[in-house]
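Student: I've got a protein model open and I'd like to learn how to read it. Can you walk me through a few features?

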Amino acid sequence: MLGPVILAASRSDRMRRLISAAPVTKQVVDRFIPGEDVDDIVPVVRDLAGNGLELTMDVVGEDITSPVQAAAARDAYLELVDRLKPLELGTRAEMSVKLSMFGQALEGGHELALSNVRPVVEAAAEIGTTVTLDAEDHTTLDSMFAIHEELRKDFPQTGCVIQAYLFRTEADARRLAASGSRVRLVKGAYKEPASVAYQDKHEIDRAYVRILRTLMEGEGYPMIGSHDPRLIAIGQELAHQAGRKLDEYEFQMLYGIRTDEHLRLAAEGHRMRVYTAYGTDWYGYFMRRLAEKPANLRFFARSMITKG
């Protein structure tokens with residue numbers, strides 16, 4: 001399986017240097033990451049919103065090794081909020097954050113991450129939008145869920161992400177579905193051991209459907225994070241069975257992947273949110289996109305052959 005190999009490469013400094021130096025890399029990366037700074041991203045936000053799409057924005061960068069870097073990540077999101085304010089998009093443009101960027105893995109990381117992310121959540125609320133806490137590897141999740149619970153005391157609209165391939169997620173979904181929270185369900189993109197996660201694609205898909213049913217039948221707001229046509233169709237059917245209106249759940253897909261499907265779902269009246277990342281520290285994000293979907297890897301390899 002190529003996925004674990006690519007995920008291993010995402011943590012390799014040697015592979016980072018090799019891939020970053022390839023002449024074709026920027027052209028291919030631009031398919032998934034449309035800019036390096038907030039000035040690049042504002043026109044993208046306007047364009048997507050103008051096409052009836054919604055957004056969640058991620059400032060990429062997870063290799064935080066000091067509190068100073070964590071504070072810089074916080075400030076990058078605060079700058080994003082400041083630039084979103086005059087666009088007056090409200091919840092049509094929200095933000096996704098990885099707590100590792102806010103110092104979660106450092107000494108005293110739980111409290112550090114909470115203290116850094118809270119101002120971002122507060123600023124988002126002031127312009128009428130919100131923040132979703134992305135899920136990372138399984139060792140970080142208890143801290144993420146605790147921070148999510150703490151933030152929701154003052155900002156109940158704060159969302160979180162759960163990953164279908166983890167054994168624990170069905171129980172997490174039952175807890176979250178009863179809480180009125182916003183929950184994005186994804187398959188999962190980290191290399192996890194067999195002791196905590198399903199390894200077989202069909203098992204992961206079956207878990208995804210079970211968990212999505214729980215979310216649809218619950219009191220929260222489900223966010224279907226998938227590009228899989230079959231899971232998208234199942235999501236629509238589960239929403240119908242649960243009696244949900246079109247504005248009571250949403251689909252989410254990555255920028256640059258299945259863009260025609262983004263527009264089709266929006267044209268049908270669905271809420272369709274595009275996960276849009278930007279920033280200079282793109283390598284880890286880019287490699288996980290390759291690991292998630294073999295077609296992405298083929299696209300990259302073909303580009304290197306024809307353009308390199």
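This is a predicted model: local features need pLDDT of at least 70, side-chain atom pairs count only at pLDDT 80 or more; totals for chains, interfaces and linings use all residues.

Student: In which order do the eight strands close into a barrel, and is the pairing parallel or antiparallel?

Tutor: Strands of a sheet pair through backbone hydrogen bonds, in either a parallel or an antiparallel way. Here the barrel order is β1-β2-β3-β4-β5-β6-β7-β8, with parallel pairing. Ignoring direction, neighbouring strands are turned by 30 degrees against each other on average.

Student: How many bridges join strand β5 to strand β6?

Tutor: Four, linking residues 182-186 of β5 with residues 221-225 of β6. Look at R182, whose bridge partner in β6 is Y221. Helix α8 (residues 169-177) packs on the sheet, where α8 touches β4 and β5. The direction of α8 makes about 155 degrees with that of β4.

Student: What should helix α6 span?

Tutor: Count 1.5 Å a residue: the 18 residues of α6 (residues 109-126) should span 26 Å, and the end C-alpha atoms are 26 Å apart, so the two agree. Just after α6, G128 has a positive phi of about 85 degrees.

Student: What do the buried residues of α6 pack against?

Tutor: They pack against α5, β2, β3 and α7. Among those buried residues are L112, V117 and V120.

Student: Which residues have the most contacts inside the largest nonpolar core?

Tutor: Y77, L80, V117, L133 and I162, in a core of 78 residues. Another core, of six residues, lies apart from it, and includes F32 and Y275. As for Y77, beyond its neighbours within four places in sequence, its contacts include M57, F102 and V120.

Technical notes. Residues are numbered from 1 along each chain as its sequence is written. Side-chain values use heavy atoms; hydrogens and water are left out. Helices (H or I, at least four residues) and strands (E, at least two) are DSSP runs, numbered from the N terminus. The expected span of a helix is 1.5 Å times one less than its number of residues. Buried means under 20% relative accessible area, exposed over 50%, partly exposed in between (1.4 Å probe, protein chains only). Contact means heavy atoms within 4.5 Å. A nonpolar core is a set of buried Ala, Val, Leu, Ile, Met, Phe, Trp, Tyr and Cys residues joined through side-chain atoms within 4.5 Å. Two strands pair if DSSP finds at least two bridges between them. Axes are lines fitted to C-alpha atoms, for helices over the stretch in contact, and angles run from 0 to 180 degrees between N-to-C directions.
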